[in-house]
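Subject: Structure handover

Hello,

I am passing this structure on to you. Please open it first, then read the notes below.

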Amino acid sequence: MPHNSSPRSFRHGEPCWADVQTRDVEAGKAFYAAVFGWRFQDLPTPDGRSYAQAFLGDDLVAVVAPQNPQQEAAGTPAQWNIYFAANDARAVAEEAPHVGGTLQFGPEAVGDTGVMVFVDPPGGGTTGVWQAGTHTGTARYNQPGALSWSELLTPEPQAAVGFFQQLFGHEVTEYPQDDGGTYTTLMVDDAEVAGIAATEEAASWQIYFGVSEVADTVRRAVAAGAEVLIAPEAEDEEAPGATATLKDPQGGVFSILEV
């Protein structure tokens, strides 16, 4: 996976933020504190519930938020969301349907923190868009406990690549795979910022958080109630760049990446 520096502001088209919506915020806090060492600050939502800002030291790195009533009623599993930085979220919202996507939500101002939009690329894979106000995104990137990489797994990879290119102006690099497919990276100013790969399953974003040691993190996560979906291979557990994919106790899927 590409290793980038630690930006505190993000360029148009860069993934800048991740948050998880979950049925039980308190349980989510306990789990992710055990896995990543996050500490939390609770803040009220407009409907009287609370969400939790996650910090490493004094640096804001994620949010654990309650599900909306529709998600709760449907019994939806917890879900991690990824957000791409945008200079003008409203312009992205207007453009998305014209380049093969679907506008799912917004644009909506979130107080003075920024403007939020959710769009679906062709083939699916709901994607957040964030125009920064007072909140620019994660204060750490590609460090232990912080957002480190994201990739869209989609049954329509070529259409999704075209969508992001038209929406954000991404350049791309293509890597042929052993199975005959292609792994495509989206690029901003010659830096790889996200990936797109083919899947036969429903489209989804795979969000990676950095860790110092994959094997140790997997053990902590399992002890805290996680299910291992993709285990690190034993011979690669100690190698830099090792990854694993986990499901939290409320169904939220995320990956870890040794950085």
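Two strands are said to pair if DSSP finds at least two bridges between them. That is the sense of pairing in these notes. Bear in mind that this is a predicted model.

Start with strand β10, residues 171-176, and strand β11, residues 182-188. They pair in the antiparallel sense, over six bridges. Pro-176 stands opposite Thr-182 in β11. The hairpin has five residues between its strands. In this hairpin Gly-180 takes a positive phi, near 90°. How many of the six residues of β10 are buried? The count is zero, and the strand is hardly covered.

**The eight-stranded sheet**

Next, the open sheet of eight strands. Its order is β2-β3-β4-β1-β5-β8-β7-β6, and the pairing is mixed. The edge strands are β2 (39-44) and β6 (102-109), each of which pairs on one side only. On average, neighbouring strands of this sheet are turned by 25° against each other, direction ignored.

Look also at β7 (residues 114-120) and β8 (residues 127-132). These strands run antiparallel and are joined by six bridges. Val-119 stands opposite Thr-127 in β8.

**Helices on the sheet**

Helix α1, residues 25-36, packs on the sheet. It touches β1 (15-22), β2, β3 (50-56), β4 (59-66) and β5 (79-85). The direction of α1 makes about 155° with that of β2.

Helix α4, residues 157-168, lies across β5, β7 and β8. It runs at about 45° to β5. What span should the 12 residues of α4 have, at 1.5 Å a residue? They should span 16 Å; the end C-alpha atoms are 16 Å apart, so the two agree.

The buried residues of α4 are Ala-160, Val-161, Gly-162, Phe-163, Phe-164, Leu-167 and Phe-168. In general, an α-helix has 3.6 residues a turn, so residues three or four places apart point the same way. Gly-169 follows α4 and has a positive phi, near 80°.

**Thr-245**

Last, a closer look at one residue. Thr-245 lies in strand β15, residues 243-247. Is Thr-245 buried or exposed? Its relative accessibility is 7%, so Thr-245 counts as buried; the cut-off for buried is under 20%.

The side chain of Thr-245 makes two polar contacts to look at. One is with the side chain of Gln-206, at 3.1 Å. Another, of 2.8 Å, joins it to the side chain of Ser-255. Leaving aside residues up to four places away in sequence, Thr-245 touches Gln-206, Glu-227, Val-228, Leu-229, Ile-230, Val-253, Phe-254 and Ser-255.

For orientation, compare Thr-245 with Thr-173. They are 72 residues apart along the chain, and their C-alpha atoms are separated by 24 Å.

Best wishes

How values were computed: Residues numbered from 1 in each chain as written. Predicted model: local features only at pLDDT ≥ 70, side-chain atom pairs only at ≥ 80, totals over all residues. Heavy atoms only, no water. Buried < 20%, exposed > 50% of the residue type's maximum accessible area, 1.4 Å probe, protein only. Helix = DSSP H or I, 4+ residues; strand = E, 2+ residues; numbered from the N terminus. Polar contact = N/O pair within 3.5 Å; in protein donor to acceptor, adjacent residues only side chain to side chain. Contact = heavy atoms within 4.5 Å. Axes fitted to C-alpha atoms, helices over the stretch in contact; angles between N-to-C directions. Expected span 1.5 Å × (residues − 1).
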